[in-house]
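This briefing goes through selected local features, grouped by topic. Please keep the sequence and the 3D view open while reading.

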Amino acid sequence: MSLVLDSSAALAWVYADETTDSVLLLFDKLRVNGAWVPGLWRWEIANVLQLNVRRGRHNLDFRDHALSSLAVLPIKVDPEADRQAWGAAVRLAERHRLTVYDGTYLELALRRGLPLATLDEDLRSAAAAENIQLLGV
């Protein structure tokens, strides 16, 4: 079964000091079954990696290698997610006191009927309240 992958789970795979056995298992499943993300996922990943270059956490080579590693995974961008930003995603964000970005992951998991892989505690709580299966702890 496929899943919805948020940036927190993806970045935990990228950064060895944040990787857990659960994250490694999650990415083993992802390699076989694929994942869905909203279009903002790529922007979020690139932004965090670039900020961490500026902060000195890693260099440009690390950033570029991480982006290349993520690019070859079977991750699909959901074409409908952008259309939900001003509708279901913003309403879910309001209901659960989330950012609209996180509301987008929640909306995508609900609409596709897929489990959500996130390490974000607020998003995990909202997903549990919406009866969405959670992965990635």
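Predicted model: local features only at pLDDT ≥ 70, side-chain atom pairs only at ≥ 80, totals over all residues.

Asn 131 is exposed, because its relative accessibility is 73% and the cut-off for that class is over 50%. Asn 131 sits in the loop between helix H7 (121-129) and S5, and its phi is near 60 degrees, a positive value in a residue other than glycine.

**Positive phi**

- Most residues other than glycine have a negative phi.
- Arg 97 is another non-glycine residue with a positive phi, near 55 degrees.
- Arg 97 belongs to the loop between helix H5 (88-96) and H6.
- With a relative accessible area of 77%, Arg 97 is exposed.

**Sheet**

- The 5 strands of an open sheet are arranged in the order S3-S2-S1-S4-S5, and their pairing is parallel.
- Strand S3 (75-77) and strand S5 (134-135) are the edge strands, each of which pairs on one side only.
- Strand S1 (residues 3-5) and strand S2 (residues 35-37) run parallel and are joined by 2 bridges.
- Trp 36 in S2 is the residue that stands opposite Val 4.

**Helix H6**

- Helix H6 (residues 100-112) has 13 residues, which should span 18 Å at 1.5 Å a residue.
- Buried residues in H6 include Asp 102, Thr 104, Tyr 105, Glu 107 and Leu 108.
- Gly 103, Leu 106 and Ala 109 in H6 are buried as well.

**Leu 116**

- Leu 116 is part of strand S4 (residues 116-117).
- Its relative accessibility is 0%, so Leu 116 counts as buried.
- Beyond its neighbours within four places in sequence, Leu 116 is in contact with Val 4, Tyr 105, Ala 109, Leu 123 and Ala 127, and also with Ile 132, Gln 133, Leu 134 and Leu 135.
- Two of these partners, Tyr 105 and Ala 109, are among the buried residues of H6.
- His 96 is 20 residues from Leu 116 along the chain, and their C-alpha atoms are separated by 16 Å.

**Asp 78**

- Asp 78 lies in the loop between S3 and H5.
- Asp 78 counts as buried, because its relative accessibility is 3% and the limit is under 20%.
- Not counting residues up to four places away in sequence, Asp 78 touches Trp 36, Val 37, Leu 108, Arg 111 and Arg 112.
- Asp 78 and Asp 61 are 17 residues apart along the chain, with 29 Å between their C-alpha atoms.

**Nonpolar core**

- The largest nonpolar core has 40 residues, and Leu 5, Phe 27 and Trp 41 touch the most other members.
- Helix H1 (residues 7-14) contributes the most to this core, with 6 residues.
- Phe 27 is buried, at a relative accessible area of 0%.
- Leaving aside neighbours within four places in sequence, the contacts of Phe 27 are Leu 5, Ala 9, Ala 10, Trp 13 and Leu 73.

**Aromatic pairs**

- How many aromatic pairs does the structure hold? There are 2 aromatic pairs.
- Trp 13 and Phe 27 form a stacked pair, with 4.6 Å centre to centre and 5 degrees between the planes.
- Trp 13 is in helix H1 and Phe 27 in helix H2 (residues 21-33), so this pair ties together parts that are 14 residues apart in sequence.
- Tyr 15 and Phe 62 also form a stacked pair, at 5.5 Å centre to centre and 15 degrees between the planes.
- Tyr 15 lies in the loop between H1 and H2 and Phe 62 in helix H4 (residues 60-71), so this pair ties together parts that are 47 residues apart in sequence.
- Tyr 15 is buried at 4% relative accessibility, whereas Phe 62 is partly exposed at 30%.

**Charges over rings**

- Arg 57 lies over the face of Tyr 15, at 3.7 Å from the ring centre.
- The charged end of Arg 112 sits over the ring of Trp 36, 3.5 Å from its centre.
- Arg 112 and Trp 36 are both among the residues that Asp 78 touches.

Key. Residues numbered from 1 in each chain as written. Heavy atoms only, no water. Helix = DSSP H or I, 4+ residues; strand = E, 2+ residues; numbered from the N terminus. Buried < 20%, exposed > 50% of the residue type's maximum accessible area, 1.4 Å probe, protein only. Contact = heavy atoms within 4.5 Å. Core = buried A, V, L, I, M, F, W, Y, C linked by side-chain atoms within 4.5 Å. Phe/Tyr/Trp six-rings, centres within 6.5 Å; stacked < 30°, edge-to-face > 60°. Lys NZ or Arg CZ within 6 Å of the ring centre and 35° of its normal. Pairing = 2+ DSSP bridges. Expected span 1.5 Å × (residues − 1).
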